[in-house]
Amino acid sequence: GGRSGAAADVSALPESVNVTRGVDTMGSGADADGWCDLGELEDAAKERLKVLHQLDAAWLSRPWDEDRLDRISAGLFRGDERRERVSTAAVRLAFCHHEASRRWLAAQESRLLSSRIRLGETSLADVERANDANDDGSYSHTAPFGHPPPPEANHAWIPFERAAPLLGRREVRVVRGWASVPDDRMRHVVVAAYADKLVRELETTRRRLAHLLGPTAFGSSAGFGSPGVGACLLELARWRPGEGEYEFLADDRGNDPGTSAIDDV
């Protein structure tokens, strides 16, 4: 299929989509003008979705087994920024339409991110910077409770609401609105913040996509993509890996290894 930077005749782009127009914060993911082939979009998205559905199934089976989650996640699009960005944009477009699907995607992307941090494929500092970035590219570091208490060895002071995922743990201490979090637990805090932000961004994507496609058609809009875009995104939302791609779970699950939590929503 062809690519074009022009937003004129959509019919001249029978197999293309502009991944910059529908998704917040994703960049082009493809060419500088944002266009990529629907075939490439679908292939990259299914490669990502295979991992996300496997992570879902593995988590439902043995949520404590981080080694298995890491084996599923390892190496996805390593060194291929284009496919990483195209696939991320595609799954956001496909899963933004309903609250249940938005939360499912945020949960799986968070598990993938957590594995990538453990594997050293991305850094905690990079994720924190991305979490702190506002929509306009600026950064917010609000401290509603003034200055934190004095530093503690191997701990970080953060506003207590950011420590919500760990507040039930005895190793987290709250003083004057600040929580003292062990350094080795900060990954959980940062990944939880990423998930919350992704849910909000998916709602923004839903509104933007509804505006681009209009009230009457989940299909095409000048400057966004061809008439095949809507069908492609719907297929991605419904797509699941084949049963054979869940075989690594069969020995320790009591139900169908191909079951995914999103099938129940």
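Guide: One cut-off to begin with: a residue is buried when its relative accessible area is under 20%. In helix H3 (residues 66-73), the buried residues are Arg68, Leu69, Asp70, Ile72 and Ser73. This is a predicted model.

Visitor: What do the buried residues of H3 pack against?

Guide: They pack against H2 and H5. Just after H3 comes Gly75, with a positive phi of about 85°.

Visitor: Why is H2 called roughly perpendicular to H5?

Guide: Helix H2 covers residues 38-61 and helix H5 residues 99-119; they pack at an angle of about 90°. Angles of 65 to 115 degrees count as roughly perpendicular. H2 and H5 are therefore given that label. Their axes are 9 Å apart.

Visitor: Which residues make that contact?

Guide: H2 brings Arg48, Val51, Leu52, His53, Leu55, Asp56 and Trp59. H5 brings Trp104, Leu105, Gln108, Glu109, Arg111, Leu112 and Arg116. By class, the contact of H2 with H5 has 7 nonpolar, 2 polar and 5 charged residues.

Visitor: What makes H2 roughly perpendicular to H4?

Guide: The crossing angle again. The axes of H2 and helix H4 (residues 81-95) cross at roughly 85° and come within 8 Å. The range for the label is 65 to 115 degrees, so H2 counts as roughly perpendicular to H4.

Visitor: Which residues of H2 and H4 meet?

Guide: From H2, they include Glu40, Leu41, Asp43 and Arg48. From H4, they include Arg82, Arg83, Val86 and Phe95. The contact of H2 with H4 divides into 8 nonpolar, 2 polar and 7 charged residues.

Visitor: How do you know whether His53 is buried or exposed?

Guide: His53 sits in helix H2. Its relative accessible area is 0%. The limit is under 20%, so His53 is buried. A polar atom of the His53 side chain lies 3.4 Å from the backbone oxygen of Trp239. His53 and Leu105 are 52 residues apart in sequence, yet 9.5 Å apart in space, C-alpha to C-alpha.

Visitor: Why does Arg187 count as buried?

Guide: Arg187 has 14% relative accessibility. Buried means under 20%, so Arg187 counts as buried. Arg187 lies in helix H7 (residues 186-213). Leaving aside neighbours within four places in sequence, Arg187 is in contact with Glu66, Ser114, Ile117, Arg118 and Leu124.

Visitor: What makes the pair of Arg187 and Ser114 a polar contact?

Guide: The distance is one test. Their side chains are joined at 2.6 Å. The limit is within 3.5 Å, for N or O atoms, one able to donate a hydrogen and the other to accept it.

Visitor: And what makes Pro182 buried?

Guide: Its relative accessibility is 10%. Pro182 lies in strand E5 (residues 178-182). Not counting residues up to four places away in sequence, Pro182 touches Asn154, His155 and Glu171. Pro182 and Ala156 are 26 residues apart in sequence and 6.4 Å apart in space, C-alpha to C-alpha.

Visitor: What is the average pLDDT of the chain?

Guide: The chain averages 75, and 68% of the residues score at least 70. Over residues 24-32 the pLDDT stays under 50. Residues 216-221 are also below 50.

Definitions and conventions
Residues numbered from 1 in each chain as written. Predicted model: local features only at pLDDT ≥ 70, side-chain atom pairs only at ≥ 80, totals over all residues. Heavy atoms only, no water. Axes fitted to C-alpha atoms, helices over the stretch in contact; angles between N-to-C directions. Helix = DSSP H or I, 4+ residues; strand = E, 2+ residues; numbered from the N terminus. Parallel < 35°, antiparallel > 145°, perpendicular 65-115°, else oblique. Contact = heavy atoms within 4.5 Å. Nonpolar A, V, L, I, M, F, W, Y, C, P; charged D, E, K, R; others polar. pLDDT = per-residue confidence, 0-100. Buried < 20%, exposed > 50% of the residue type's maximum accessible area, 1.4 Å probe, protein only.
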